Amino acid sequence: MKIYLIEGLIIAILLIPLLVDAYVNTLKWISRIKIGRWEDINLWGNNIGKICRKWSGKTPTVKITDNNRGILWDIVKGKYRSQNIQSWQKGQLLLATQDKRKIKSLIDEKTGNWIEKPKEIDSAFLAYAILSISENQDNIKPAMDTIRTLIFDRIQDNDGCISYREKDHFIRYVDTVGLACPFLALYGTIYHDDESVVLAEHQLEEYYRYGIWKESGLFAHAVNIKSGLPLGNIGWGRGCGWYLLGLIETAIILNENNLWKKAYYLAEKYKVYQNTDGSYCSNLAFGGSKDSSITAIMAYYYIICAKYFSKEDYKDTAEKSVYYLMSVTRRNGIIDFSQGDTKGIGNYSTCYDQMPFTQGIAYRAYKLLKE
């Protein structure tokens, strides 16, 4: 009898991972039933906003693996979740909701420093969001100083730019532009720190000089500054989005003519990469799967450019992207089909799912359209 019990227990233990996989994948399948049946843009906007507010407190995990099997083992081995990725997800949600109450869960009110000290450049975008919405910027300065120090410690002597990861002395990632430059520009403006402003502009300028293919306007995922060679895909959608986001946010803060000139040049270039349904692909150079994350970034980028340059065609471009996002929004208000986390240079996710970052920037684009 004991043998049968032991065998049953072993079988049950072996079945648990399979049941977890089945549960997760079934939930995703169910969530996509009747997807995209939104006809009223305001109803859609209100619902995606509700999800942003819900997620800004407890942000869903963006997994770092493409595995749809063995999910439980990935969680146990620590290969399912990364705090670095979660930081810019939450940052975009805070910018979307402007929920100042959430700062208390991130920064100690007494010391003004981080409750959990950030260790990577990714956290600069979360710091940017907090600094943007905070009502007491002097009180949180210790936390902002921590991020400034983290960034400045990553400056490389060979080109005066920031390395995304500490060990990558000769590699410059396009991600760094979007993650760090808005924070540096805002920090420098608020705390009267010229060095931070100069670094933001320098990082934008250097990547524009070495990482762009001028005729196409597309950026390489990364650049090896020692060899001068591009790394990864040229035209990776969200990678190009990182540059555009870093540029437009910095342009808004600093309001410098040379930044707006770049924004206009790239706005003209990127119109051709929009599909007829308003979407953009995970690789802008050759197409591929449609990606909600770059589509949401482009909606936000073009509505800002439409307002600044007073161009109606830019507004039309933004609206087309928003209507595409409506077509891939689940009935509960969650935008679907965002490309998952990149695993490394040239190693791109094949999973397309919900992403808090997309949800946040889509809501920001919607609110700007309604102004």
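Two residues are in contact when heavy atoms of one lie within 4.5 Å of heavy atoms of the other. Keep that in mind as we walk through this structure, which is a predicted model.

Let's start with the whole chain. It has 371 residues, and 56% of them count as buried. You'll find 13 helices and eight strands along the way. If you take the contacts between residues at least 6 apart in sequence, 70% of them join residues at least 24 apart.

Now zoom in on a pair of helices. Two packed helices are described by the angle between their axes and the distance between the axes. Here the pair is H5, covering residues 123–133, and H7, covering residues 175–190; they pack at an angle of about 35°, and their axes are 8 Å apart. Their crossing is left-handed. So which residues of H5 and H7 meet? On the H5 side they are Ala-124, Phe-125, Ala-127, Tyr-128, Leu-131 and Ser-132. Facing them from H7 are Gly-178, Leu-179, Ala-180, Pro-182, Phe-183, Leu-186, Tyr-187 and Ile-190.

Finally, head back toward helix H1, which spans residues 2–31 and includes Trp-29. Is Trp-29 buried or exposed? Its relative accessibility is 60%, and exposed means over 50%, so Trp-29 counts as exposed.

Key. Residues are numbered from 1 along each chain as its sequence is written. This is a predicted model: local features need pLDDT of at least 70, side-chain atom pairs count only at pLDDT 80 or more; totals for chains, interfaces and linings use all residues. Side-chain values use heavy atoms; hydrogens and water are left out. Helices (H or I, at least four residues) and strands (E, at least two) are DSSP runs, numbered from the N terminus. Buried means under 20% relative accessible area, exposed over 50%, partly exposed in between (1.4 Å probe, protein chains only). Axes are lines fitted to C-alpha atoms, for helices over the stretch in contact, and angles run from 0 to 180 degrees between N-to-C directions. A crossing is left-handed if the near helix is turned anticlockwise from the far one by less than a right angle, and right-handed if clockwise.
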